[in-house]
Amino acid sequence: MQEQPILSVRDLRTYFFLDEGIVRAVDGVSFEVRAGEVVGLVGESGCGKSVTGKSILRIVEPPGRVVGGEILYRPQKVSIQKAQQANGFVDLAKLDPMGREMRSIRGAEIALIPQEPMASFSPVHTIGFQLVEAIRLHQAVDEEEARLIALERLREVGVPSPEQRFHAYSWELSGGLRQRAIIAMALACNPALLIADEPTTAIDVTTQAQVLNLLRSLQRERRMAIIFITHDLGVIAQVASYVVVMYLGCVVERGPVEDIFHSPQHPYTQALLRSIPSLRTPPRSFLPAIEGSIPHPFNRPPGCPFHPRCRSFMPGTCDRQQPTLQPVQGLQWASCFLLHPAPQGR
Amino acid sequence: MPAGTMAQDEKPLLEVRSLKKYFPLRKGFFRRLIGQIRAVDDVSFAIYEGETLGLVGESGCGKTTTARCILRAIDPTAGQILFRTAAGDVVDVATLSEDELRPLRREMQMIFQDPYASLNPRMNLLDIVSEPLIVIEGIKSREERVQRVAQMLEMVGLRPEYMLRYPHAFSGGQRQRIVIARALVLHPRLVVADEPVSALDVSVRAQVLNLMLRLQQELSLTYLFVSHDLSVVKHICNRVAVMYVGKLVELAPTEELFARPLHPYTEALMAAVPIPDPRIRSAMLPLEGEVPNPANPPSGCYFHPRCRYSQPLCREQAPPLQEAQPGHLAACHFAGQLSLRGVSP
């Protein structure tokens, strides 16, 4: 028995309209997020994982646009006009990205930890100023109250002597501290859903372990839902409870983290897990690599996006029809004709 | 000789002795010298023919600076870099002049981290890969260049027909193959690879690692493999050296290092690597604090403020890098006395 999701993404499509053609960055992505759950979006570059995160927040930059699908979100505290709602859900895909509703959700309900902490802070304002600004935007508090909340957030994320850091500029902080400050910023308004876009990619392993532990404990304390976007399967295994594997804008497989890592069903997931060097693989052996490279977004293969690199490729099927995501076992879904034979006739 | 085997009894191909590289720290209008950043501080190690030595550490630990000093891309402040040439002479790379270095360039080459930044977008593959042939070997005939480049491209798994294409037409993994082809076209003996797979996608990383292993066997190459990624280092190296704030803290054969680390930093570094298995979760044990500033390092052992096993002695005296067990060097006062956790195979 599963509780109701707070976010349900259904058949999301986000395309980029370039002079050279249309890039289908996200092409029919569906998944759900429940309160207190960490959903890992994993995939290689160009798979659309970051664009999915940006689409949910409606911050896809032009020429990109959400062109289809639904992003059903159940607001936890912000009140949205009745007209926009259905069964307590708001379809974020239908809201005006610059509109009042979307702006009241962004930051307060759904917050983002961006990939590059250096580029995300203003270099000409102090950390404290930016935190207070974010808090006062969404909460009716005065300057002093906002300052206390900001200090509390900095303390929560483990910034030593927050009173001093409050007056520091982002470039005065080390990589690890800057990442903590960004997390404090994202948590400023107690969001119900946090989108963490490669939050540890730019930092060292020992700092990464600190940040991951911090996120894990914050998530547990606040029963916050997190969408954790990363290309690192090790990180996903450590933090996620449910995993969505993406390839070229599509979800190829999704399921509970145990199933994804111990009984992967889709050939891409299987191959990807086999190909990573781990501290546990025998040294100086040849890795079972995936042949070929990720196709250029303009040359998307017809049919299953993975078929040109797939070892179980079935000519006539995989290159003609696109498989759909279907249940395999329990909560695990995969999109492959090996698991669900293609419908006969065309 | 068979590649991939260790030949400790042989003379080293490269021996680095007390290598130092200090960067001046200047301030103000007159660029007054206010201090020095000890990027590489008294580092010594040897690389034997046919082996892969890994150099690991976090950003700012001096691993790339060490690699660049060895190739004399930058000039070291002090120390010796003894290289045994194909002719059998031992030369000190650190003291050679530009002209004297030129013949050595053929024997030592580099593979760079970012294949998007290290290829000139205005040159086609033929020009990129054959440039070392023109500069070092003085080959002028186009036919000969075409032939050598075709051979090289085939070796790294690219089709020779692509020779007249430009880098933009290739994916990250293919570009890294081009970078490897350019580095190997002169048939070097030592290849310094600085984070060669860090910029690549997971599915392509394995291809490039396999390629590097295969080429090492075919061409009997010796690699110095610089990386921050312990999983990759464990996968490809025979021996591993761990650096922290400009110093080597541990050096051992790969399996020995990972199974029985002797330095607490190595233990912490390994514990921080996320294991791609959700069943082993609690293992991640973060190291408190941050890497110290190399311009103002702590007293004694540089690692003591973050070390779980720190004793008063560690604050006062810097431990030397010593052989704690045969072939296993560690710079810790208590090497061998602590029971440190490695990675079970």
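In this predicted model, four bridges join β7(A) to β8(A), and the two strands run parallel. Within that pair, Leu112(A) stands opposite Ile195(A) of β8(A). Both faces of β7(A) are covered. Ile110(A) and Leu112(A) on one side are buried, as are Ala111(A) and Ile113(A) on the other. In a regular strand the side chains alternate between the two faces of the sheet. Helix α7 of chain A, residues 175–187, lies across β7 and β8 (193–197) of chain A and runs at about 170° to β7(A).

The pair belongs to an open sheet of eight strands in chain A, ordered β7-β8-β9-β3-β10-β11-β13-β12, with mixed pairing. β7 (110–113) and β12 (326–329) of chain A each have a single partner strand and stand at the edges, so one side of each is left without a neighbour in the sheet. On average, neighbouring strands of this sheet are turned by 20° against each other, direction ignored.

| Strand pair | Bridges | Direction | Residues standing opposite |
|---|---|---|---|
| β7(A) and β8(A) | four bridges | parallel | Leu112(A) and Ile195(A) |
| β10(A) and β11(A) | six bridges | antiparallel | Met246(A) and Val251(A) |

In the second pair, β10 of chain A covers residues 242–247 and β11 of chain A covers residues 250–256.

Helix α11 of chain A (residues 267–275) is mostly covered, with seven of its nine residues buried. These are Pro267(A), Tyr268(A), Thr269(A), Ala271(A), Leu272(A), Leu273(A) and Ser275(A). Their cover includes α9 (233–239), β10, β11 and α10 (257–262) of chain A, together with α6 of chain B.

The largest nonpolar core has 212 residues. The members that touch the most others are Val39(A), Ala184(A), Phe228(A), Leu224(B), Phe225(B), Val242(B) and Leu248(B). α6(B) supplies the largest share of this core, nine residues. In soluble globular proteins, nonpolar side chains tend to be buried together. Not counting residues up to four places away in sequence, Phe228(A) touches Val38(A), Val39(A), Gly40(A), Leu41(A), Ala196(A), Val239(A) and Ala240(A).

Is Ser18(B) buried or exposed? Ser18(B) has 12 C-beta neighbours inside 10 Å and therefore counts as exposed. Ser18(B) is placed in strand β1 of chain B, residues 14–27. Leaving aside neighbours within four places in sequence, Ser18(B) is in contact with Asp42(B), Ser44(B), Ala78(B) and Gly79(B). From Ser18(B) to Val135(B) the separation is 117 residues in sequence and 32 Å in space, C-alpha to C-alpha.

As for confidence, the model scores ipTM 0.80 and pTM 0.85. Chain B averages a pLDDT of 88, and 96% of the residues score at least 70. Over residues 1–8 of chain B, pLDDT stays under 50, and the model has 20 contacts for this stretch beyond four places in sequence.

Notes
Residues numbered from 1 in each chain as written. Chains lettered and ligands numbered in written order. Predicted model: local features only at pLDDT ≥ 70, side-chain atom pairs only at ≥ 80, totals over all residues. Core = buried A, V, L, I, M, F, W, Y, C linked by C-beta atoms within 7 Å. Buried ≥ 20, exposed ≤ 12 C-beta atoms within 10 Å, placed from the backbone. Contact = placed C-beta atoms within 7 Å. pLDDT = per-residue confidence, 0-100. Pairing = 2+ DSSP bridges. Axes fitted to C-alpha atoms, helices over the stretch in contact; angles between N-to-C directions.
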